[in-house]
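Colleague: I would like to go through this model with you, term by term. Please set each value against its definition.

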Amino acid sequence: MKQKNMVKQPDKLSSYFKAEWSILFAVTITGVIYNIGLLAEPWFEGKFAQCLFEIFSKTKNFSDMLKLVFAYVAAIAVVQLARYMKRFYVRRFGNHINRNMKQILYGTLIHHSKAELESENIGNIITKAISDVDACAEGMRKFTTEVFDTGVALAGYAVLLFTYDWRLTLISLIFPPISYYIAEKLKVIVQRSGAAAQESRGRLNAATLDRVSNASTYRVFGCEMQRNNAYEDHLTDYEKSAVKANIWIAAMPPVYQIISMVSMLFIIYFGSRNVLGNGWTSWNIAAFTTFISCFTKLAVKSSKAAKLFNAVQKAEVSWKRIKPLMKLVPDETAENKISPNTLEVQNLGVSYSENAQIFSGLSFTAKPGEIIGVTGAVACGKTTLGQAFLCEHPYQGSIRFGNNEISELSEVQRSETVGYLGHDPELLSDTVQNNILLGKNKDVQPLLKAVCIDKEISKMPDGINTVIGSGGIRLSGGQQARIGLARTLAHPRPLLILDDPFSALDKHTEMEVFQHLRELTKDNIVILISHRLYLFPQLDKIIWMENGKTAVGTHSRLMDRCSVYASLYNLQEGGNDFENEKIGTNTSYSECV
Ligand SMILES: Nc1ncnc2c1ncn2[C@@H]1O[C@H](COP(=O)(O)OP(=O)(O)OP(=O)(O)O)[C@@H](O)[C@H]1O
């Protein structure tokens, strides 16, 4: 993986070409050799026909033909070698483009607000964006190949034809442009049917994800049949739209080819007049054969040019969709890095609507290296508090990080300041390594160790390169949570909000992961939301939430002053998890403050 992405303007396609200029240079050299070499084929075919004619007329003998065959084999060997090298470099170019685009896409995804991603349906946007990057990189690869295989080759064939008979060449070249014109007119249909198929695939992907992730829920609640039918509808819709799109793509090239080949009738008529001596120029058999062979290759190539337009158009559709996501995000290691600072929360409150104040009046401060625990009854507003730092909903009061009010930061500044790990780790259908690093250049092993998943990953079929998420192997809830935590630690921010990251872990693993978290977040402020309180004595401060009110203090202070917190802690120390009905429901909140 490259140290740094060389793409300067990721929302411009030309920038990706510029970043790969050295590979493109190698493609140009090998491509030109290959295409010039291609002209040898029709030239030799003409020479073979002429030599055969002269052998029959006894003016040449078999050894002349043998020499010609050796020269032909040598020329073809050079052409094929150039072709192989060109393909190697073009493939490399395509891989680099794909990697660069994904690196930028991942960077953007981690800097987008959760609300923004969720508004588009997360499964849908990620699967669609990743397959769009694949389609785009493939389109750019095909374009680069075809510029040489089609563009340069066509020019070479045309020059050769003109040297034989310029009038006949002019007549025969009328028809291939007609096929280009028709291709241009039909491109809207190809584009439209391609876009419809892509949309349908996105819907099917989201439905597949939903069906797999929520299979047991649907079964338990007896909605399986209904969901199956809905899924089948998506599948049928995708089949229809994919078939339609492919029919258009496959049907076009033969049509262009037939139009191009109309020229052949003219070549046979005027070419034979040239050979018979009453045409525009004088030809021998070699010239006639070379002309026909060269024109046939040109016509076949021009049908490929139409195919090139289709490939480029398909890529264009994908590019339009991902372009808004292709933004350069600030380099975390450079001057954009936000330094550790103090957090000062004053009189914070959040309400989703006028009559629904979730909590209010929360004030506390935190220094780098501190871990602040947040706990309270179910639905008391812990997640709401965590998400207040993301500014997805307006809050009352103030959250100051250093000298800045967090809601006044730009989205990119905020994403550089606040890291968030929610209940759903939102794994991509990609490798373990890519899911954690999201295109960042870093050793993934220490992160795997930090979240105690290194041994489990090493036992997977491809280790860190094992594909997980909806397109790969299924992970347990605890494994997903730890991959999500490793991802958060791979992109550390001065202020980390971890919403119940240990809920699916056993107590022993939770303790171990917590020790690593402590070591890795010496410069960060961590807000740790949790239902389980074993670790709370080790935390620097606790926020207790209940009935829209909050109490802040150290663990020992809350144990002394807040009987409901104390009874909950003691209950869990006795081996029980948080159960609402068992805690002192008749303990009044005022005891806590
Ligand atoms: N986007 C929203 N719009 C309106 N109400 C919301 C929204 N998100 C949460 N709520 C409501 O806010 C209250 C607090 O929810 P929240 O998820 O913050 O609680 P929590 O303490 O994290 O819950 P849990 O213990 O189950 O994780 C709930 O009554 C919930 O219904």
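Colleague: What share of the contacts in the protein with a separation of 6 or more comes from residues 24 or more positions apart?

Modeller: That share is 78%. A contact here means two C-beta atoms, placed from the backbone, within 7 Å.

Colleague: What kind of model is it, and how are residues numbered?

Modeller: The model is predicted: local features need pLDDT of at least 70, side-chain atom pairs count only at pLDDT 80 or more, and totals for chains, interfaces and linings use all residues. Numbering starts from 1 along each chain as its sequence is written.

Colleague: How many helices and strands does the protein have?

Modeller: There are 21 helices and 10 strands. Both are DSSP runs, numbered from the N terminus: helices are H or I with at least four residues, strands are E with at least two.

Colleague: How much of the protein is buried?

Modeller: Buried residues are 38% of the 593. A residue is buried if 20 or more other C-beta atoms lie within 10 Å of its own, exposed if 12 or fewer, and partly exposed in between; the C-beta atoms are placed from the backbone.

Colleague: Why is Gln198 called buried?

Modeller: Gln198 has 22 C-beta neighbours inside 10 Å, so it counts as buried. Gln198 sits in helix H8. Its C-alpha atom is 8.2 Å from that of Ala242, 44 residues away along the chain.

Colleague: How do you know that the length of H8 agrees with its residue count?

Modeller: H8 covers residues 175–213, which is 39 residues. The expected span is 1.5 Å times one less than the number of residues.

Colleague: What is the strand order in the open sheet of six strands?

Modeller: The order is S6-S7-S8-S3-S9-S10, with mixed pairing. Two strands pair if DSSP finds at least two bridges between them.

Colleague: Why are S6 and S10 said to stand at the edges?

Modeller: S6 (418–421) and S10 (549–553) each have a single partner strand, so one side of each lacks a neighbour in the sheet. Neighbouring strands of this sheet are turned by 15 degrees against each other on average, direction ignored. Axes are lines fitted to C-alpha atoms, for helices over the stretch in contact; angles run from 0 to 180 degrees between N-to-C directions.

Colleague: Which helix lies across S6 and S7?

Modeller: Helix H18 (477–490) does, running at about 175 degrees to S6.

Colleague: What makes S9 a partner of both S3 and S10?

Modeller: S3 (371–376) and S9 (541–546) share five bridges in the parallel sense. Five bridges also join S9 to S10, running antiparallel. Met545 of S9 stands opposite Gly376, and its bridge partner in S10 is Thr550. S9 and S10 form a hairpin with two residues between them, and Asn547 in the turn has a positive phi of about 45 degrees.

Colleague: Why is S9 called largely enclosed?

Modeller: Six of its six residues are buried, so the rest of the structure largely encloses S9. Lys541, Ile543 and Met545 point one way; Ile542, Trp544 and Glu546 point the other way. In a regular strand, side chains alternate between the two faces of the sheet.

Colleague: What makes the phi of Ala379 and of Cys391 worth a remark?

Modeller: Ala379 has phi near 65 degrees, a positive value in a residue other than glycine. Cys391 has a positive phi of about 60 degrees, and it is not a glycine either. Ala379 lies in the loop between S3 and helix H13 (382–388). Cys391 is in the loop between H13 and strand S4 (396–401).

Colleague: Why is Ala379 called exposed, and why is Cys391 called partly exposed?

Modeller: Ala379 has 10 other C-beta atoms within 10 Å, so it is exposed. Cys391 has 19 inside 10 Å, so it counts as partly exposed.
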